[in-house]
Amino acid sequence: MNIHEYQAKQLLARFGVVVPGGEPCTSPEEAREVSQRLFAVGHKKVVLKAQTHAGGRGKGVFKNGMKGGVRVCKSSQEVFDIASYMIGHILVTKQTGAEGRLISTVLVTSAENIKKEFYLAVLLDRNTANPVIMASTEGGMDIEEVAEKQPEKIIHETINPILGLMPYQARKVAVGLGLRGEMLHQAAKLFHGVYRTFWECDASLVEVNPLCIVQRPDGKEELLALDAKVSVDDNALYRHQTIQAMRDLAEEAPLEIEASKYNLNYIKLDGNIACLVNGAGLAMATMDIIQHFGGRPANFLDVGGGATREQVSAAFKIILGDPNVQGILVNIFGGIMDCNVIATGIVGAVKETGLKLPLVVRLEGNNVATGRKTLADSGLPIISGTSMAEAAEKIVLAVKNSV
Ligand code: GDP
Ligand code: MN
């Protein structure tokens, strides 16, 4: 699960990471009020930041024509005006796709006098199965681009999860970023805070981009987390009530939310052949074999080992909620699963939804004879496949012939 920048900063602050002061606001009036308080304590400028899980907001453009999801403002009137163009409007960034995202919250925060920007992240390295701290002097910009064009500019330090981030490792990364003296000391402390946020929150990613050296009015320099992104492992959410409460359904794909209500593992993809499968491994193999025969999977869908008729019916409706779908492949290997439960579910769902698209069903395993009979007796134009390969070939062909 992903959370908003302002929420990520709340978590980081809890673990001692220095973040600029600010508050999330849901109306231009509220934004103006918060900015008045910031101006009153001596800040000369404030920053308005559109809150969405998608990155690249700085370079984003609103559909109403306004440029920038991150804007520096010099007066509370300006804050009011800019917030009016952000809240209730759609922001398009490199990561949102053309449809963009509706902004309903803006973060009003003090503008900092930035001297230098860095990139910092702690994430799970799946190759070593350990957390890794990644840092770069090329902050503020697209880290994927840095990784591609100047990989030598990215510092990696693998963390032993039993030992945690060792003080020498934090210093090594700070030195790698060119930090010395007081800044090195501040950086090492901040890295520990970021690592603790990662560890204590069961995060899969904590990213601070940019991490900044800012200059205070008195000339003193300070290291701050100016932007933050946190992704938390869904499997650990049950033990983090406060993080669960940060979930923003408006940021999630509607079909995926619907699927989670029925305990279905559904991920929308951009192909045209939907698949309904039991078991994650079989679901992945099914997507591969669709691709192998020249088709493109429209989704990943695992109905689990003991799906009920209701779940099968819900799964069908979710699949059909995707307008790109032109055919469906059901691939079930009944172990615990009773093939006839699936067959009954399919027949019910096809009748209920008045399905017009080609449907290929491959059933194998527990109670398969009864299941096949249920399908055959239904009188519905269901194409049956005996092997997985044959079924995949049939659906690819049927879709080709139907369009
Ligand atoms: P993102 O584009 O979604 O990653 O949003 P960021 O929060 O990273 O902001 C984008 C850029 O805006 C940063 O890299 C900074 O250069 C700039 N920015 C953000 N906050 C401030 C601030 O307080 N002061 C100044 N001068 N620039 C800021
Ligand atoms: Mn950023």
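The questions and answers below concern helices.

Modeller: This is a predicted model, in which local features need pLDDT of at least 70, side-chain atom pairs count only at pLDDT 80 or more, and totals for chains, interfaces and linings use all residues. Residues are numbered from 1 along each chain as its sequence is written, chains are lettered from A and ligands numbered from 1 in the order in which they are written, and side-chain values use heavy atoms, with hydrogens and water left out.

Colleague: Which residues of α9 are buried?

Modeller: Helices are DSSP runs of H or I with at least four residues, numbered from the N terminus, and α9 covers residues 280-292. Buried means under 20% relative accessible area and exposed over 50%, with partly exposed in between (1.4 Å probe, protein chains only). The buried residues of α9 are Ala283, Thr286, Met287, Ile289 and Ile290.

Colleague: Which exposed residues does the face turned away carry?

Modeller: This face of α9 is the one turned away from the buried side. Its exposed residues are Gly281, Asp288 and His292.

Colleague: Which residue just after α6 takes a positive phi?

Modeller: Helix α6 covers residues 181-200. Just after α6, a positive phi of about 55° is taken by aspartate 202.

Conventions. Helix = DSSP H or I, 4+ residues; strand = E, 2+ residues; numbered from the N terminus. Expected span 1.5 Å × (residues − 1).
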